[in-house]
Amino acid sequence: QSDLKAFLMFECAAAQGYTPAMNSLAAMYEIGAGVQKDIPKAIDLYTKAAELGDKSAQHTLGLLYEQGELVQQNYESSMYWYEKAAEQGVPESIHNIARLYARGLGVECDYKKAMETYLKAAAKSFALSEYCIGTLYYDGLGVEIDETIAYEWFEKAAEHNLPVAQFKLGSLYLTGSVRQDKDIEKALHWLTKAAANEHCLAQETLGSLYIKGSEVELNYEKAFYYNSLSATQGSYIAQHNLAYQFAFALGCEKDLVIAAEWYRRAAEQGFHLSQHQLGLCYLLGNGIEKDPVVAVEWFQKAAAQDYASSQHSLGKCYADGCGVEQSYTLAVTWYKLSAAQGLPEAIHNLGRMYYQGLGVEQDYKKALELYQQSAAQGLAASQHNLALMYESGQGTEKDQTKTIELYSKAAAQGHSLSANNLALRYENGEGVAQDYGKAIALYTVAAESGLAVAQFNIGRLYEYGKGVPASDYTAADWYQRAADQGYARAMYNLALIYFYGPRVPAEENKAVAEAIHVGENTE
């Protein structure tokens, strides 16, 4: 392979007036292959070849004048050369003439003329023209809207392996339309074909479908495959989804470093979801060196696009003085912006600011109102705080029924403090029928989540045999768990058991003796 030898041979042939050689020589001057790049020389050679009737050169000149990159843009000249090439039957030129009419470039916009010209190119099986005819029928441009005919033309273009037509058909079948029912099987058929033809949006769509698992069966491996293809082509949606898969080991091995990098690529394209996630990566040090200041910068970029979660995160950063100077006033400002969009966590934290009087004047009624809003959205933390307010009568009258109802809702979601408080009521029969069984079950849920006070309460029940057989050994075990977390009352009760020694009921004495006799492994 030798560009120089090719150039010399093209030059000799062109000197004899052979137009294909002129055209090829012009292309070499255009890209600088085998010779120093020389755009004026290339244009001169294209023009000579075109004037001598070379249809390829005529079409190329049409493109160059339309694009206006290597020569001054001139739609009239573009049309002139396209028409010359079209007269020789070049389908690409016929199609481009139609495009100029459709867009009103150098001529008055005329969809009917565009349709007539697209049909001429389509008669030569030019797939892109077939697709454009379908578009005109689908959108009703120059013709009456007719989805049936539009689908027929889209299908012709798709069968001729045009990726954009395959993607169009796949998208239409995926969502359905006025006259065409949704058809997931056909949607997957055409999207898969378009994806195989490297259509970025088709790959992105398939990746999203398989990772969500709503329209198709959930398949993280397929999602990873298509997201990888589309992400490499620059789709920020696919980049974001791919990052998510690496972050949570969905269809691939977990890799927080790679996840952070893909979030960065999508974030740098301005995608707010990735900007937020990249902010979290910097805030938590996930796959990247922890840097709260940079985290705030990314939250600000997403918040500027009115992304509620980032506005909420900025509120938390200002409230905690994380990455910024602490400012309860600014925390409230950001919480309000996020809460206005209905984010329950922001509404909850805004309520907390009013409850504590941070950045705003303390206002229990306002706090109650905000907690009610977020609790209605199912936020367990708000249900718990609201229960506390009804229990204590802050900002409202005391209401035992609502207190128990809210503790129950929050506990059902695994909120440990609510589970503990509800258990205490079942233990003492406050507002509910006394039920040690329910109390133990709720204390256990809270204790297993690591709540020290619940661990202490279970220990207390075992120490005094309330609803369970009395056992200082079991009590000591639960006290120890709470004491390990620094819970003072547990330390005290555990100390008393150590000081006085465990009280072992008669039925346990035999079991303990047998355990000791069997061997130390039992202990």
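A salt bridge here means a side-chain nitrogen of Lys or Arg within 4 Å of a carboxyl oxygen of Asp or Glu. With that in hand, look at Glu405 and Lys409 in this predicted model: their closest N and O atoms are 3.4 Å apart, and the two form a salt bridge. Both sit in helix α23 (residues 400-412), and because they are 4 residues apart there, about one helical turn separates them. Glu405 is partly exposed, with 39% relative accessibility, and Lys409 is partly exposed too, at 42%. Further along, Glu427, Arg460 and Lys466 are joined into one network by salt bridges that share partners.

Across the whole structure, a search turns up 10 salt bridges. One of them brings together the side chains of Arg99 and Glu66, at 2.6 Å from N to O. This pair links distant parts of the chain: Arg99 belongs to helix α6 (residues 91-103) and Glu66 to helix α4 (residues 55-67), 33 residues apart. Arg99 and Glu66 are both buried.

Now hop over to helix α15, where Arg265 and Glu261 are 4 residues apart and so about one helical turn from each other. Their side chains meet in a salt bridge too, at 3.6 Å from N to O. Arg265 is partly exposed, with a relative accessible area of 39%, and Glu261 is partly exposed at 35%. Arg265 also lies over the face of Trp262, 4.3 Å from the ring centre.

That brings us to the rings. A pair of aromatic rings is described by how far apart the centres are and by the angle between the planes. There are 14 aromatic pairs by the count used here. Take Phe7 and Tyr29: their ring centres are 5.4 Å apart and their planes stand at 80°, so this pair is edge-to-face. Since Phe7 lies in helix α1 (residues 3-15) and Tyr29 in helix α2 (residues 19-31), the pair ties together parts that are 22 residues apart in sequence. Phe7 and Tyr29 are both buried.

Tyr236 and Phe271 make another pair, with centres 4.9 Å apart and planes at 40°, so this one counts as tilted. Tyr236 is in helix α14 (residues 236-248), while Phe271 is in the loop between α15 (256-268) and α16 (272-284), 35 residues apart. Tyr236 is partly exposed, at 35% relative accessibility, whereas Phe271 is buried, at 10%.

Finally, ring pairs link Tyr131, Tyr138 and Phe154 into a cluster.

Note on methods: Residues are numbered from 1 along each chain as its sequence is written. This is a predicted model: local features need pLDDT of at least 70, side-chain atom pairs count only at pLDDT 80 or more; totals for chains, interfaces and linings use all residues. Side-chain values use heavy atoms; hydrogens and water are left out. Rings of Phe, Tyr and Trp (its six-membered ring) pair if their centres lie within 6.5 Å; planes under 30 degrees apart count as stacked, over 60 as edge-to-face and the rest as tilted. Helices (H or I, at least four residues) and strands (E, at least two) are DSSP runs, numbered from the N terminus. Buried means under 20% relative accessible area, exposed over 50%, partly exposed in between (1.4 Å probe, protein chains only). A charge sits over a ring if NZ of Lys or CZ of Arg is within 6 Å of the ring centre and within 35 degrees of the ring normal.
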